[in-house]
Amino acid sequence: MSLALDERQRAMLAEMGIKLWAPIAPRVAEVAPEKVAARAGETSAGAEFDSKPTPTASLQTPAEAPIVRPPVRAIAAPLPTAPAAPVPTALGPRPEGVADMDWPQLEATVAACRACGLCAGRTQTVFGVGSRTADWMVIGEAPGENEDCQGQPFVGQAGKLLDNMLAAIGLSRQVGDTMNSVASGGDSVRADGPKDSKQGVYIANVLKCRPPGNRNPQPDEIAQCEPYLRRQVALVQPKIILAMGRFAVQSLLQTTEPIGKLRGRVHHYEGVPVIVTYHPAYLLPALPEKAKAWQDLCLAMATVRGG
Ligand code: URA
């Protein structure tokens, strides 16, 4: 029996939660074959060593893992497809006055930002976390699925590794952590912060909104978002910035050089020393590189102590 329902009737049924059986084209997987291969960790030989690897996506987006389903037999006519939400492609106005904002103004401005198309797909903006008077600042790339849901940077598997790396040098994203920090040499209190924030760390990303499907940030998105990160750095006044991953490194240092060529020396952003290191998502499966990341942390500690 075939149901001859018009579009309005179908919409009403859908509204009531009544599903119609519909023919669905046979699918092997919900995602393109090249994505499946990449998520399985199959990178091409000689693939960029220091770019944020696609396996990150699988770590951040378990819900997006390929689903293999058998073909479904057609019983009724196809369901009408809902019109896709419009995705703004034109850039909105670049936020003004950011350079003079205090924390509450900056946070509110970021939360309301519509300066690029990423605002259409976000659940929420991901501003930053940790001590706002920290000596150490970690800068990553962009929120992934977990971060977009929870509103905090680095909360997935890569975030756990980051927390472990930071803990190894006596730092914690928890404001008020009173560990005697190796990273700050266990030394004195900063004039502008409470004692227990001294061992904190402030963590932020280059982008405050999640790129769809964890794709790479686009240059125009980075440019629109840049004033926010610049202001965060100015407000935190860290003694050291740890730039993690290619996008963070290249956008802070305005270079196209790969991480491998930039590691091992001190760079500067707005007068603050910057240490370049690998993205924790890259380090997750890359055991030999963890040793290099440790070297980078040691260089950062030495820079803080010496500076
Ligand atoms: N990767 C990043 O660079 N930042 C996050 O917040 C999460 C994953």
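Visitor: How many residues of strand S2 (residues 136-140) are buried?
Guide: This is a predicted model, so to speak with its ground rules: local features need pLDDT of at least 70, side-chain atom pairs count only at pLDDT 80 or more, and totals for chains, interfaces and linings use all residues. Numbering starts from 1 along each chain as its sequence is written, and side-chain values use heavy atoms, with hydrogens and water left out. Strands (E, at least two residues) and helices (H or I, at least four) are DSSP runs numbered from the N terminus, while buried means under 20% relative accessible area, exposed over 50%, and partly exposed in between (1.4 Å probe, protein chains only). S2 is mostly covered, and its buried count is 5 of 5.

Visitor: Which residues point the other way from Trp136, Val138 and Gly140 in S2?
Guide: In a regular strand, side chains alternate between the two faces of the sheet. Trp136, Val138 and Gly140 point one way, and the ones pointing the other way, buried as well, are Met137 and Ile139.

Visitor: Which residue of S4 is the bridge partner of Ile139?
Guide: Strands count as paired if DSSP finds at least two bridges between them. S2 runs parallel to S3 (residues 201-205), with 5 bridges, and parallel to S4 (residues 240-244), with 4. On the S3 side, Met137 stands opposite Tyr202. In S4, the partner of Ile139 is Ala243.

Visitor: Which strands stand at the edges of the sheet?
Guide: It's an open, mixed sheet of 6 strands, ordered S1-S3-S2-S4-S6-S5. Two of them have a single partner strand each, so one side of each lacks a neighbour in the sheet: S1 (129-130) and S5 (267-269).

Visitor: What is the N to O distance in the salt bridge between Lys239 and Asp135?
Guide: A salt bridge here is a side-chain nitrogen of Lys or Arg within 4 Å of a carboxyl oxygen of Asp or Glu. Lys239 lies in the loop between H7 and S4 and Asp135 in the loop between S1 and S2, so the pair ties together parts 104 residues apart in sequence. Lys239 is partly exposed at 34%, whereas Asp135 is buried at 1%. Their N to O distance is 3.6 Å.
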